[in-house]
Amino acid sequence: MGQQFSWEEAEAAGGMDVAELQEWYKKFVVECPSGTLFMHEFKRFFRVTGNEEATQYVEGMFRAFDKNGDNTIDFLEYVAALNLVLRGTLEHKLKWTFKIYDKDRNGYIDRLELLDIVEAIYKLKKACRVETEGGQQGQLLTPEEVVDRIFLLVDVNRDGQLSLNEFIEGARRDQWVMQMLQIDVNPSGWISQQRRSSAMF
């Protein structure tokens with residue numbers, strides 16, 4: 001199976017006070033009286049019906065939050081995920097993003113998995129450009145060109161797949177790669193916006 005994160009890692013991502021935890025629990029119980037959150041409910045919170053790219057992204061988020069793989073998110077998974085996304089370090093967020101990209105959970109990201117995500121990002125944001133040496137925005141790249149460039153810069157051992165370590169180190173080493181990943185890696189703004197408009201968050 002793919003990368004699994006411990007509760008210690010989630011806790012290390014940032015502290016949470018008891019009052020906040022109680023507030024999150026109240027909201028969770030109101031929205032999910034059964035004690036579990038299902039995929040269709042998760043999609044409803046993010047209002048992604050009819051948008052294939054956003055749906056794909058939200059399904060990846062759901063899979064990454066579902067630590068035990070039972071196709072539901074319980075309260076502990078919910079708290080750990082929100083704590084990680086809202087307060088996590090760059091490394092923890094990159095590990096979480098790696099889980100979203102690694103759809104088959106084999107511990108590696110292959111070209112097709114990366115291309116799926118880049119295409120979704122490209123359609124949502126239309127922001128995949130190469131920066132010129134002066135920091136200016138350059139030509140618009142196709143999703144395939146973005147994937148090729150990421151693999152060229154990040155796949156150190158040239159085996160055609162990205163390990164977690166290559167993914168994290170590549171993002172840290174290359175500003176362009178980090179910018180491409182940040183289009184998708186940092187959903188905290190999106191989640192914060194949803195928190196204001198939903199009882200769930």
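**Figure 1. Trp24, Tyr25, Phe28, Phe75 and Tyr78 make up one aromatic cluster.** The model shown here and in the other views is predicted. A search of the whole structure finds 10 aromatic pairs. One of them joins Tyr25 and Phe75 in an edge-to-face arrangement, with 4.9 Å centre to centre and 85 degrees between the planes. Tyr25 belongs to helix H2 and Phe75 to helix H5, so this pair ties together parts that are 50 residues apart in sequence. Tyr25 is partly exposed, at a relative accessible area of 44%, whereas Phe75 is buried, at 15%.

**Figure 2. The aromatic pair of Phe42 and Phe65 is edge-to-face.** The ring centres are 5.8 Å apart, and the angle between the planes is 90 degrees. Distant parts of the chain are linked by this pair: Phe42 lies in helix H3 (residues 39-46) and Phe65 in helix H4 (residues 52-65), 23 residues apart. Both Phe42 and Phe65 are buried.

**Figure 3. Helix H2 (residues 18-31) crosses helix H5 (residues 75-87) at roughly 125 degrees.** The axes of the two helices come within 11 Å. The crossing of H2 with H5 is right-handed.

**Figure 4. Residues of helix H2 meet residues of helix H5.** On the H2 side, the contact involves Glu20, Leu21, Trp24, Tyr25 and Phe28. Their counterparts in H5 are Phe75, Tyr78, Val79, Leu82, Asn83, Leu86 and Arg87. By class, this contact of H2 with H5 comprises nine nonpolar, one polar and two charged residues.

Key: Residues numbered from 1 in each chain as written. Predicted model: local features only at pLDDT ≥ 70, side-chain atom pairs only at ≥ 80, totals over all residues. Heavy atoms only, no water. Axes fitted to C-alpha atoms, helices over the stretch in contact; angles between N-to-C directions. Helix = DSSP H or I, 4+ residues; strand = E, 2+ residues; numbered from the N terminus. Left-handed = near helix turned anticlockwise from the far one by under 90°. Contact = heavy atoms within 4.5 Å. Nonpolar A, V, L, I, M, F, W, Y, C, P; charged D, E, K, R; others polar. Phe/Tyr/Trp six-rings, centres within 6.5 Å; stacked < 30°, edge-to-face > 60°. Buried < 20%, exposed > 50% of the residue type's maximum accessible area, 1.4 Å probe, protein only.
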